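These entries record what I looked up, in the order in which I looked.

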Amino acid sequence: MASVEVKNISKIFKDKPVLKNVSFYVSSGELFCLLGPPGAGKTTLFRIISGLEKADTGGVFFDGKPVTSVPPQQRDVAMIFEDVALYPHLTGFDNIAYPLKLRRLPRAEIKKRVNEIACLLRIEHLLNRRPHTFSGGERRRVAIARALVRNPRVLLLDQPFTDLDAQIRHEMSAELKRLQINVGQTMLLATHDFEEGMIADRMAVINDGEIHQIAPPKEIYNSPITRFTASFVGSPAMNLFSCQLVRTATGCELRHPAFVLSLPWHPVTFPQQVWLGIRPEKIVLEKGGKIKARVEVIQILGAEQIVDLVLANGDRFKWVAPLSLSEKFRRGDELEFDFPISAIFLFDYETGHNLVRKEV
Amino acid sequence: MKRKNIAMTARPPVISAILWILHRLVVLLVVGVFLVPAVWLLSISFKPPTEWQVFPPTLIPRSPTLDNYIVLFKPEAPRGTAAAMLRVTEPVTKSFLNSLIVVPIATALSVTVGFLAAYAVARFRVGGAFMPFFVLTTRMFPPVAFAVPLLVYYRWLRLIDTPLGLILIYAGFTLAFSLWMTKGFIEGVPRHIEEAAILDGASPWRVLFTITLPIVKGGLAATTLFVFILNWTEFLYALIFTSTKTITVPVQLSHYVGAVGRFYGPQAALGVVASIPVVILGYMIQRYLVTGFSFGLIRR
Amino acid sequence: MAQAGVLLLRLQNVKKVFNSFVAVDNVTLEVAEGEFVCFLGPSGCGKTTTLRMIAGLEMPTEGEIFLREKRITYLPPQQRAIGFVFQNYALFWHMTVYENLVFGLRLRRFPAAEINKRVHEIAERFELMDLLKVRAALLDLSAMQRVAIARTLLIDPHLLLLDEPLNNIRPGLREMMRADLKRMQQELGKTMIYVTHDQEEALTLGDRIVVMSKGKIEQVGSPQEVYDVPATLFVAGFIGRPPMNLFDVQYEVENGHSWLVWRQHRWCVDKVRNQIEAAQPEKGLVLGVRPEKLKISYEASGIPAKVLLVQPLGRKDVLTLDLEGTTVHGVIPSELRINVGDVVFVEFPPEGMHVFSTATKGAIVHGIS
């Protein structure tokens, strides 16, 4: 299993920069997630790492050695494409055996390895059938088997679970993690669904060809560096309010058309406009609270409720309420909330950066 | 789970049944119209000369005879007064043999080169955006326009009336079809499948032969049949570039037009016999044809 | 089966057979005006086929369909005034977004001013204002689906049918569109039937959920009902992410008390013994506990289990545990930092224990306290 380093990769496609100076490092055996919306450059980056495309600048290194001049056939990289790309004219067995046949392994060895991996992924019943008879989840597993059977140095998964049923997606995520633990495979996972990526050891959030943050998933969730990251990771998304920032003797004041909040600290820099961010589950229902809003929609999700609220000035936000409060309010009610100071994030309105705080 | 026969129409079962019958009838009618010439050909091939131009035309010959077929292969053999009208001297075996040599080879050559070229154009953009168009230009002129300059070259190369000469011409002129048809099928193969093979370690040739080729098998079969028919029935160039030794079946057919009139009987018989190889080929590859024609239409 | 409210749609013993495959088996359902109904089930359960029969794109093999008590079973789709949003949008490729939207209105000869007003209203709502002049073929997926939904609403149909329209939209935008759809449905009061395989989607959107499996209706109820009181084993296992933990248990009577027994553990079910005994417990019972209800902690009260996997989901973490050889899922708030390899203790809360019959696959009792 190899470590992967991507250094200063840039690529322009038809006058549009698709990747802007992207760099990161993945250690051997790590499950690394590249998280970003469609069009962020994830697939392009993976294709560059695998060798199917060339970068304009920068280089890719496996175990410290540059592979930029190594053709894709010889990089020993396996990739699971978004549309899976199984060989339709071959059976499950032949699909998985293909890379081994290319390496001219003896037949007995091929048979042994294919059966081993089929057992590991529970797809033995698919070995004699053709891909068009497989279900979505089964095709994914066969593709993963084909990729792993030759013990590649690096495994790239490009949005591997997108069009699967929600239930199966969850299972496959877990399976991937289990594989990583059992086999110790270096894996890079590209996805636009942060829940899929949360099983990674570390995550890189990418948007518009730029990396916003690289950190373990929980850190990205709890301490997002940019507004984009904060709103992209989390379901429902973090609430963002556009406020004016005013310095006060005791710290600062956030002025929003529908409420005013005082904070006992202030950021190191003082942009005039900021984004106030708070996650829906951190909002507290409090009689006499400073934030007054009307209930618009209540969506019940099993053990919790997602409530859509609207402020006096028309701004909307979401609140995740525990089910124990289910009888306490109805659509149309006016409720009062508090935003706990510890849960508040401030982002610069222009740059989107998380404002570093300075105690007063 | 595959669902069969999803009813696209919204109507109660009774009307459905009536429409089903009507549908079959219309299809039978249309097929019938197309089959009429073939059936007529068959009918004439068994008629003696006296019945060739009878009016009103009859489907079943009153006195069926195999003379028309016999005279194809043994011109001296026919008996009877009618036989005297059939004065063709050469057996058709030679032309048949020529066709059976020239056409398959030319077809194979055309399809092979066309396929390889199509792959280069489709996957590697060889020749730029213009290449496909360029190839098509060979079909844009009336074939006769090329005849004179080619005749000059051929005389110089001493290729007139040789199998090789005809093969080259047939391969060259059907290349455009081969390339265009196979290009379409190749483009129908998702790129990701080939890229997966590349990452598995396959060289570009390996990818072509172990992945792309098996997938477009049907398309290749369809193209082969199409080009075969084109070559098998080609008349103009065969006429111009052959004189005695390498005449093909279509040219042979034209020999049955004499000063006295046309020898419909043997012509029909030869037509029937000439159709046989094409029918056999079509039968052999028919299961590939279905996959061939439908594969290109499958998206995602 | 109907809510209080005017009856809009009624399906009566509807059955659909394709060759020998029974896609929809004896479905009877009533939908009231203004409801948001979700058909929920795995691929192949018959939900889409049922939807298509309501639209008129398929004909039932047996049974009848009534719209406001008028029989529409064999009526062609264009005469039903029912809007349909396809999974693949079915937009007119070469027309602009604006033209796509006005198509139906123009056909029905609405006045130009009215058309303009409606279209601009809906374009704003669906974030389509900048795209009005763009050709439909050039749109990205989420814009396409928004246009498809907007288009049907403009014609003001009796009923809107949606066939998994949010399937291909990325999670962030998807939630926004769900909330938007829900809000709009409540404001307009338009009856909607929405097909999905995503139970979370069904729970958040539906006023009532119709859970289907293998052509049959398993349960019809509010999101709360199908979650708290699942009528069958299928519903119990399908609703909820991660799915309900299920255990095969035995019923024993000892010392005058009734027990549910699993391995060496037993739970007293005296309070519900009548219901259990009426349901042929000797044929087998299944105990179900939702992962959210499991009490998981480091304190030594309960059954020990080893943590196999931790899947953080932001606000909560999903744990995969090895409970004496059986894989079990649990949910804990993210703040609790539990690691892979730790040993935790699991308690089953009596009010959260559901009992099902193995024979009938139906629910016997929800909660044993």
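Entry 1. A residue is buried if 20 or more other C-beta atoms lie within 10 Å of its own, exposed if 12 or fewer, and partly exposed in between, with C-beta atoms placed from the backbone. Helices (H or I, at least four residues) and strands (E, at least two) are DSSP runs, numbered from the N terminus.

I noted the basis of the work as well: the model is predicted, local features need pLDDT of at least 70, side-chain atom pairs count only at pLDDT 80 or more, and totals for chains, interfaces and linings use all residues. Residues are numbered from 1 along each chain as its sequence is written, while chains are lettered from A and ligands numbered from 1 in the order in which they are written.

I next listed the contacts of Ile193(C), leaving aside its neighbours within four places in sequence: they are Val31(C), Val37(C), Phe39(C), Leu51(C), Ile54(C), Leu159(C) and Leu161(C). Two residues are in contact if their C-beta atoms, placed from the backbone, lie within 7 Å.

**Entry 2. Helix α1 of chain C.** Leu51(C) and Ile54(C), both on the contact list of Ile193(C), are among the buried residues of α1(C). This helix spans residues 47-55 and is mostly covered, with 8 of its 9 residues buried. Lys47(C) and Arg52(C) are also among those buried. After the helix comes Gly56(C), which has a positive phi near 100°.

**Entry 3. Leu175 of chain B.** I turned to α7 of chain B (residues 163-187), where Leu175(B) is placed. Is Leu175(B) buried or exposed? It is buried, because 20 other C-beta atoms lie within 10 Å. Apart from neighbours within four places in sequence, Leu175(B) contacts Ser110(B), Val113(B), Gly114(B) and Val135(B). I also checked Thr112(B): it is 63 residues from Leu175(B) in sequence, with 9.3 Å between their C-alpha atoms.

**Entry 4. Arg357 of chain A.** Arg357(A) belongs to strand β22 (residues 357-359) of chain A. It counts as partly exposed, because it has 17 C-beta neighbours inside 10 Å. Not counting residues up to four places away in sequence, Arg357(A) touches Trp265(A) and Pro267(A). Val295(A) is 62 residues from Arg357(A) in sequence and 33 Å from it in space, C-alpha to C-alpha.

**Entry 5. Chain C as a whole.** I counted 9 helices and 21 strands in chain C. Its C-alpha atoms fill a box of roughly 80 × 45 × 40 Å along the principal axes. Of its 369 residues, 45% are buried. Among contacts between residues at least 6 apart in sequence, 63% join residues at least 24 apart.

**Entry 6. Domains of chain C.** Chain C is divided into domain 1 (7-231) and domain 2 (238-366), with bounds from an automatic or database domain assignment. Their C-alpha centres lie 37 Å apart. The contact between them takes 9 residues from domain 1 and 8 residues from domain 2. On the side of domain 1 that touches domain 2, α6 (199-205) and α7 (223-228) each supply at least two residues. The most, 3 residues, come from α7(C).

**Entry 7. Contacts between chains.** The contact of chain C with chain A takes 29 residues from chain C and 33 residues from chain A. On the chain C side, α5(C) gives the largest share, 7 residues. By class, this side has 10 nonpolar, 10 polar and 9 charged residues. Ala, Val, Leu, Ile, Met, Phe, Trp, Tyr, Cys and Pro count as nonpolar, Asp, Glu, Lys and Arg as charged, and the others, Gly among them, as polar.

The contact of chain A with chain B takes 17 residues from chain A and 14 residues from chain B. On the chain A side, β6 (77-80) and α2 (92-102) each supply at least two residues. I recorded its classes as 12 nonpolar, 3 polar and 2 charged.
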